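Dear colleague,

I am passing a structure on to you, and I would be glad if you could look through it before reading my notes. The notes follow directly below it.

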Amino acid sequence: MKKYITDEKNGLNYTLVGDVYLPNLISTETDYEIGMWGQRHLRYINQHRKVFYTSLLTSCKLNSYLHEVDVRATEMYDHLVKQLIEQQGITEQLKADDMMTWVQAVNNITNQAREIVYYKVIYSI
């Protein structure tokens, strides 16, 4: 019998101990810090996509996956905010002239961008 095997179905490595193959449960992935978007996606997949969550967790890919989601969502959010500010003509001049109107407009834009990111990245797989 081989000392080490890899299961092609789930990608786990096993080591022969006595007559039994035991899974190698040492995490080889990098420990990324997960931001707001990644944490929200984690909560979503943990509550609504339990099999997917468990699969990522047991294959030691959860942290890397959440890091990718976090980076993608952050980039999308920042790009959308800049794009919407340009499209709606929100300028520093408006900020200097009428602060409350500027705050309302920017809050509206950030809410729009947040909802788009939720729909396209956080609540989808």
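Where does Cys-60 lie? Cys-60 is found in the loop between helix H2 (50–58) and H3, where helices are DSSP runs of H or I with at least four residues, strands are runs of E with at least two, and both are numbered from the N terminus. The phi angle of Cys-60 is near 60°, which is a positive value in a residue other than glycine. With a relative accessible area of 22%, Cys-60 is partly exposed (buried means under 20%, exposed over 50%, and partly exposed in between, with a 1.4 Å probe and protein chains only).

Please keep in mind that this is a predicted model, in which local features need pLDDT of at least 70 and side-chain atom pairs count only at pLDDT 80 or more, while totals for chains, interfaces and linings use all residues. Residues are numbered from 1 along each chain as its sequence is written, and side-chain values use heavy atoms, with hydrogens and water left out.

On the aromatic side, the structure holds five aromatic pairs (rings of Phe, Tyr and Trp, the last by its six-membered ring, pair if their centres lie within 6.5 Å; planes under 30 degrees apart count as stacked, over 60 as edge-to-face and the rest as tilted). One of them joins Trp-37 and Tyr-77, whose ring centres are 5.7 Å apart with planes at 50°, so this pair is tilted. It links distant parts of the chain, since Trp-37 belongs to helix H1 and Tyr-77 to helix H3 (residues 62–88), 40 residues apart. Both Trp-37 and Tyr-77 are buried. The rings of Tyr-118 and Tyr-123, by contrast, have centres 5.5 Å apart and planes at 25°, so that pair is stacked. Tyr-118 is buried at 12% relative accessible area, whereas Tyr-123 is partly exposed at 45%.

Leaving aside residues up to four places away in sequence, His-41 touches Tyr-65, Leu-66, Val-69, Val-121, Ile-122, Ser-124 and Ile-125 (a contact means heavy atoms within 4.5 Å).

Finally, there is an open sheet of three strands in the order E1-E2-E3, with antiparallel pairing (two strands pair if DSSP finds at least two bridges between them). Strands E1 (4–6) and E3 (20–23) stand at the edges with a single partner strand each, so one side of each has no neighbour in the sheet. Three bridges join E1 to strand E2 (residues 13–17), and Thr-6 stands opposite Asn-13 in E2.
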